[in-house]
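Please keep the sequence and the model open while reading.

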Amino acid sequence: MTAPSPTPDWYQQGLPHIWLPYSQMQTISPPIAAAATHGSRITLTDGRELIDGVAAWWTACHGYNHPHIRTCVQHQLETMPHVMFGGMVHEPGLRLAKRLCDRLPGDLERVFFTDSGSVSVEVAMKMAIQSRLNKGETRRTRILAFRGGYHGDTLATMAVCDPEEGMHHLYGDVLAQQIIAPLPCDDASTQAFHAILERHAHELAAILVEPLVQGAGGMLFHAPEVLRPLREAADRYDVLLILDEIFTGFGRTGTFFACEQAGIVPDIITLSKALTGGTMALAATVARRHVFEAFLSDNPEHALMHGPTFMANPLACASANASLDLFDTEPRLEQVATINTALTDGLKACRTLPGVRDVRTLGAIGVVELDRISNPDRLRQAFIAQGCWVRPFRNIVYLTPAFTISESELHTLTRGIHTVLSA
């Protein structure tokens, strides 16, 4: 890799020592260097300004540098930036736990904090499996997940992703063998799903699914009606239902949580991404009462043996509480509805372009699906030339902007996609 010129010293000196995610380091274009952020914009070290169309990997739902979040984090930094959460608690963490449970449906009432979405899913899987082991059910230790799904890049979560998904198939022989079923969206896939349950229910601890949108699997949408039979199947076969709302939570699909649109309550839900408004690393795994009660015992081995060092970091909890303040005081869901209209209108012209397979929107998500993308790096550079920060992957170009993005900024993004794909 050779760095563009002119560049600051820290770029030239540090670049040879960094390993970037999801990148072939031998062939990738030199990464652009960010200097500052504000609202929906990223300022580069060379003075260029990009409109962020993906909200920092779907996290910065309020835009960058929101003054309320900044003020709350600054206050927490002065008071107590960190303290261990083992045998000790603090106000930001307990207040956040209660606020999350107050917003969640049903009796989702016990929060376990972690640092990342992948780990929150691992904790959910451990909860499901150990709840069985604590009852002496040693055979029910597998998870049923779905084709097209994505739940993280750690070894445990890779095993519940789509096995044909390009990022993880190399690890197939070393991963735990979980059960991957078709998502029951039509008669054929529903029959196949129930046939798999009939064969494997005796060894299942849980069903795991992303509600409404399979995000990193290709922004694959499904109707709320798909989720209700999953809840019914989990009850029928006595397995737990885990909803991975790491991407869909906090308004992205048009409701605060995606599961609200289906009117169901999962046994366990995982949250991250926009939890802190894109400010700090934080995730949460929230369980219903009956899941938590399976760990209550005189036997110390029945405790949930997991404990991240920075669990419930006070700075992260303060930023999450500030983010929830903004959902309480500013019209975020109305903004999402407005964004959906703009995305639908702005991307519809792409339908007639050669190589475009589909255009779809849901909440503050807009997707242009192509027959294929042969060189995503080159496509990304073309978007940068349009003043847009858009990261195509697989065969899609998508937008997941901040909910506070302006009408003109959103127009620049949709116009930029049309211009680049037209070329």
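The sections below cover the domains, the salt bridges, one serine and its surroundings, and a surface patch.

## Model and domains

The structure is a predicted model. Its chain is divided into domain 1, made of residues 9-65 and 331-422, and domain 2, made of residues 67-329. Taken over C-alpha atoms, the centres of domain 1 and domain 2 are 26 Å apart. The contact between them takes 28 residues from domain 1 and 33 residues from domain 2.

Isoleucine 18 sits in the loop between helix H1 (9-14) and strand E1 (34-38). With a relative accessible area of 46%, isoleucine 18 is partly exposed. From isoleucine 18 to isoleucine 384 the separation is 366 residues in sequence and 22 Å in space, C-alpha to C-alpha.

## Salt bridges

The model has 25 salt bridges, counting a side-chain nitrogen of Lys or Arg within 4 Å of a carboxyl oxygen of Asp or Glu. One of them joins the side chains of glutamate 49 and arginine 41, with an N to O distance of 3.0 Å. Both partners fall in the partly exposed class: glutamate 49 has 42% relative accessibility, and arginine 41 has a relative accessible area of 29%.

Arginine 288 and aspartate 107 form a salt bridge with 2.6 Å from N to O. Which parts of the chain does this pair tie together? Arginine 288 belongs to strand E12 (residues 283-288), while aspartate 107 lies in the loop between helix H4 (91-103) and strand E4 (108-114), so the bridge links parts that are 181 residues apart in sequence. Aspartate 107 has 18% relative accessibility and counts as buried, because the class takes in values under 20%.

In the salt bridge between arginine 236 and glutamate 198, the closest N and O atoms are 3.5 Å apart. Arginine 236 is part of helix H8 (residues 227-236) and glutamate 198 is part of helix H7 (residues 187-200), so this pair ties together parts that are 38 residues apart in sequence. Arginine 236 is exposed, at a relative accessible area of 59%. Shared partners also join salt bridges into one network, made of Asp107, Arg231, Asp235, Asp267 and Arg288.

## Serine 272

Is serine 272 buried or exposed? Serine 272 is buried, with 7% relative accessibility. Its place is in the loop between strand E11 (268-271) and E12.

The side chain of serine 272 reaches the backbone oxygen of leucine 282 at a distance of 2.9 Å. Leaving aside residues up to four places away in sequence, serine 272 touches Ser116, Gly117, Ile246, Phe250, Leu282 and Ala283.

## Nonpolar surface patch

Which residues form the nonpolar patch on the surface? The patch consists of Leu155, Leu170, Tyr171 and Val174, and together these have about 470 Å² of accessible area.

Leucine 155, one of the patch residues, is located in helix H6 (residues 155-158). Leucine 155 has a relative accessible area of 55% and is classed as exposed, because the class takes in values over 50%.

Key. Residues are numbered from 1 along each chain as its sequence is written. This is a predicted model: local features need pLDDT of at least 70, side-chain atom pairs count only at pLDDT 80 or more; totals for chains, interfaces and linings use all residues. Side-chain values use heavy atoms; hydrogens and water are left out. Buried means under 20% relative accessible area, exposed over 50%, partly exposed in between (1.4 Å probe, protein chains only). Helices (H or I, at least four residues) and strands (E, at least two) are DSSP runs, numbered from the N terminus. A polar contact is a pair of N or O atoms within 3.5 Å; within protein, one must be able to donate a hydrogen and the other to accept it, and residues adjacent in sequence count only if both atoms are side-chain atoms. Contact means heavy atoms within 4.5 Å. Patches are made of residues with over 30% relative accessible area and no salt bridge: like charges are joined within 9 Å, nonpolar side chains (Val, Leu, Ile, Met, Phe, Trp, Tyr) within 5 Å. Accessible areas come from the Shrake-Rupley method with a 1.4 Å probe; for residues, only the protein chains shown count as cover. Domain bounds come from an automatic or database domain assignment.
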